[in-house]
Amino acid sequence: MMFRDQVGIVAGWFKGWNECEQTVALLSLLKRVTRTQARFLQLCLEHSLADCADIHLLEAEANSAAAISQWPQEPAEAAVALLLAHLPLLQPGNTAAKAEYMKRLQKILAYAIESNHCVEESRQLLSYALIHPATTLDDRSALALWLGHLEERLAGGGGPPMRPPRPDAPRRPPPPHEWPEHAATELGPAWPEVAPRENGHPPFQPPASSNGLGGAGE
């Protein structure tokens with residue numbers, strides 16, 4: 001098979017995934033490139049985004065703890081949409097903004113588990129949080145508890161409301177398929193110390209349907 005044909009197959013799969021799945025897949029690939037490849041891609045992205053004023057405005061809002069604290073928390077669908085649009089743009093080291101995200105994320109996760117609404121969108125939020133360089137190992141350990149509950153909810157497809165994990169509950173290490181793996185040493189210190197796995201997303205499998213997993217998890 002020619003290289004262009006292989007690229008076409010991967011591009012077809014990519015098109016069938018939702019935005020979060022696309023991000024997870026791209027990050028998984030980037031963890032396998034050399035420093036030179038990574039720097040080249042960085043230059044290409046910086047050049048393409050240099051004149052994109054919208055993304056800069058969105059990033060500024062995404063890193064303002066004051067702005068995040070004013071976001072509406074109801075209806076849940078609107079709260080989830082705001083987090084999905086802004087969380088990926090959180091800058092590492094911005095502890096004040098991260099605290100606001102974590103506080104709102106836990107409320108949305110509790111709502112999703114108890115009501116069986118916005119379950120798939122909540123799992124996407126968790127995927128972003130688990131692979132985000134701004135989150136620590138302690139953050140990911142706590143979030144992995146929620147991920148297990150959401151996976152059970154998605155697998156069950158309904159049933160009685162589930163009780164969300166208590167904040168003071170003992171934290172168990174997440175299963176290997178949910179836990180970040182150590183970054184490859186050849187990438188050097190410019191990469192995060194921990195490189196996450198795909199958080200339950202099957203790597204490079206054709207989508208089950210033409211709509212991917214982007215629908216509401218109701």
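Analyst: Happy to! Bear in mind that this is a predicted model. Let's start with helix H8: its 13 residues should span 18 Å at 1.5 Å a residue, and its end C-alpha atoms are 19 Å apart, which agrees.

User: What makes H8 largely enclosed by the rest of the structure?

Analyst: Buried means under 20% relative accessible area. In H8, 13 of the 13 residues are buried, so the helix is largely enclosed by the rest of the structure.

User: Why is H6 called roughly parallel to H8?

Analyst: The axes of H6 (residues 76-86) and H8 (residues 119-131) come within 10 Å and cross at roughly 30°. Angles under 35 degrees count as roughly parallel, so H6 is roughly parallel to H8. The crossing is also left-handed.

User: Which residues of H6 and H8 meet?

Analyst: From H6 come Val80, Leu83 and Leu84, and they meet Glu121, Gln124, Leu125 and Tyr128 of H8. The residues of this contact divide into 5 nonpolar, 1 polar and 1 charged.

User: How do you know that the reach of H7 is close to the one expected?

Analyst: The expected span is 1.5 Å times one less than the number of residues. For the 21 residues of H7 (residues 95-115) that gives 30 Å, and the helix reaches 30 Å from its first C-alpha to its last.

User: Which residues of H7 are buried?

Analyst: Among them are Ala97, Tyr101, Met102, Leu105, Ile108 and Ile113, and the buried residues also include Lys98, Glu100 and Arg104.

Methods. Residues numbered from 1 in each chain as written. Predicted model: local features only at pLDDT ≥ 70, side-chain atom pairs only at ≥ 80, totals over all residues. Heavy atoms only, no water. Helix = DSSP H or I, 4+ residues; strand = E, 2+ residues; numbered from the N terminus. Buried < 20%, exposed > 50% of the residue type's maximum accessible area, 1.4 Å probe, protein only. Axes fitted to C-alpha atoms, helices over the stretch in contact; angles between N-to-C directions. Parallel < 35°, antiparallel > 145°, perpendicular 65-115°, else oblique. Left-handed = near helix turned anticlockwise from the far one by under 90°. Contact = heavy atoms within 4.5 Å. Nonpolar A, V, L, I, M, F, W, Y, C, P; charged D, E, K, R; others polar.
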